[in-house]
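Here are a few notes to read with the structure open beside you. Take them in any order you like.

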Amino acid sequence: MHTGGGRRPRQGSSRAAFAPSNWSVRTQLLAVVIIPIITALVLGGLRIGSAVQNARDIDNVRQLVRIVDQGTGLLEEIEDERDLTAIHVAAGRTGDTSRLDTQRSKVDGVLARVRIEAAHVHRGANPALATRLAVLNAFGGKVASLRHAAAHSKMPLLSLVDAYTALIAELSDALDLLAPDIAHQTLAVRVGVLKTLAQATEEVSRQRALLGGALTQGHFDANEAQGLALASRQEQTVIDQFLSSASSAQRQFYERTVTGSDVTKAELLKKQSLTGQGTGRPRLDAGEWFDTMTSKIELMRVVEKRLVGSVEDESSREQDQARRSEFVSSLVVILILLLTLVTHLLVQSIVGPLHTLRASALDITERRLPAVVRLLRGSSGAQLDAIEVEPTAINSTDEIGGVARAFDDVHRDSVRLAFEQAQLRGRINTMFVDLSQRSQSLVERQLELIDRLENGEQDPDLLASLFKLDHLATRMRRNGENLLVLAGEKAGRRWSAPVRLVDVLRAAISEIEQYQRVQLRGLVTADIDGRAVNDIVHLIAELVENATAFSSPDTEVLVTSQLLSGGGAKIEIQDNGIGMTTNELEEVNERLLSPPVADVSVARRMGMFVVGRLSGRHGIRVQLRRSSPHGVTAVLMLPQNLVREHGDHMDPPGLSARYNTEGRLTGWCNYDTTEQLDEGTLAKRASRARRYGARSAGKE
């Protein structure tokens, strides 16, 4: 016999383990959804990072705009301080200094605010910006140094004005250098326009200082006149540059603001001063000039403040826009995360029912359906009611729910087919039982007739023929009992009292064709429970017949027995036949341990099927082993509840046990005291005693 091997794994399965087609449904769905979501999150993260950086840059720009605003105010205050200082120096550094002191306090206050704004600027990795802001921090020391020089030195008027102008130029340059860090184009343009107007205001203020100082000291030299003329020309140049770069609205506002009698008067006084510079002593009043120019400067500073306000408004709009962009980007990422959560829920709504369907399918195929099949196999079929199938716990109406309903239909049809097969098997078993009972009734009548003929016959040849006929009838009876085993029924013959193990072995040997080849060795004194005697006889007869059938006719089959120390007995049936392969032994032993369902294939291995069924009925372990040097040994392990030690001696040769009508041992019967009877004759007599005892027990 040969058994087919298991299904061989597909080649390259290990290489294809990571193929997408081998991924779980959850993994595939997550891959389809998560890849674009991750891409969107990465892009959203970059967008947020860019928005955050842009907002930080805009905030930094706004801070720089504030510094420019405060710096422009500082320029105005220092210009006023310069002009007042020039008047004070021109007056010989004497007189009332309260106005100058007040102006210096204003400069200090504005300078402190500029330093505070500069401290809030994010410098980052921009060393140039840090350097320019450091100039603002060091500006206070330079102002203090210049004030000390103006108060305690003999510095002339023009030198003092130039020193202040240089300091103002340094501050203006520092503010100008902040403009490149204002990356926004609109802001940069507006800051440039503001810078141009601030330069124009500076030139007007310088003219106020130069001419005011000259008028105060009472003389106007050529250098001072040249400086005044240069400042006037630069003023006009810068004003023209401002008007060309400013927007139409800014130009209109400038033209509407910087106009009037004070502006006209300032221009007239300046022309008179430049015209009369050769006389040595100017004919103008210093206070009138200073106040007139101050009015013009104030008008120009009104325009400056308007430009500063527009720059601040633009920076505020840019900052708000950057914050909105940052908010929108964050909102988009949050929406993506919410979409991820919703996607996860959708994936769960798909994968969850799939897992439920898979678990239900495995439960049905591995537990519920096999349990139903085992129940139906163990029943006659006619005694069972229709089995209700519990539906799968999926109530959805989608494709998965449709698959679940289809699977329920398959499960229901499978149970229905198994139920119908069980009913059919029950009807077939009933037919087998009926045929077996009819044939066994005829065989029993035939055996009774043969027994009567054997008892009255004296001719040895004719008696031997009757023994053969008796043997054939006994085999027919065992085949009939095989039908009962096949149908799952128990034999009608029962033995109520314990029977000697030797009689059980002899009775089994008597039911095979080649009983002469069987030799009993190592017999023990033990009794077998009467309820299992007939099944054990049947079981041993099948194994002994199998041993004689698959071994050479000129070899012997050896049957030995021994008691086990832990209780029970072991019977070995050894032949010297062709033997079996390892795979064949494993297959047969598996069938003996778990007999298959009776089907067409059982007819080819009827003996092993009957042995498996009978051994399982009484808890007897049967196993086939390879004999040495060849052949097969069948080992029977009778459990302790079937075997009891017998205190009497073994049956001597020529003697057989005698039983009463109740099946109890009463003594020994000497069939022939003059001749030595062989094992075959003793086996025949044991079979006859078994038959009579079973019949009498059945009559009870």
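1. Start with β4 (residues 557-563) and β5 (residues 569-574). These two strands pair in the antiparallel sense, with six bridges between them. Keep in mind that this is a predicted model.

2. Now for the turn. The hairpin of β4 and β5 has five residues between the strands. One of the residues to look at here is G567, which takes a positive phi near 105°.

3. β4 also pairs with β2 (residues 518-521); those two strands run parallel and are joined by four bridges. Here T560 comes up again, as the bridge partner of R521.

4. Two bridges hold β1 to β3 (residues 526-528), and R500 has D527 as its bridge partner in β3.

5. Last, have a look at helix α15, residues 606-618. Its 13 residues reach 19 Å from first C-alpha to last, close to the 18 Å expected at 1.5 Å a residue. Which residues of α15 are buried? Among them are M608, F609, V610 and V611, along with G612, L614, S615 and H618.

Methods
Residues are numbered from 1 along each chain as its sequence is written. This is a predicted model: local features need pLDDT of at least 70, side-chain atom pairs count only at pLDDT 80 or more; totals for chains, interfaces and linings use all residues. Side-chain values use heavy atoms; hydrogens and water are left out. Two strands pair if DSSP finds at least two bridges between them. The expected span of a helix is 1.5 Å times one less than its number of residues. Buried means under 20% relative accessible area, exposed over 50%, partly exposed in between (1.4 Å probe, protein chains only).
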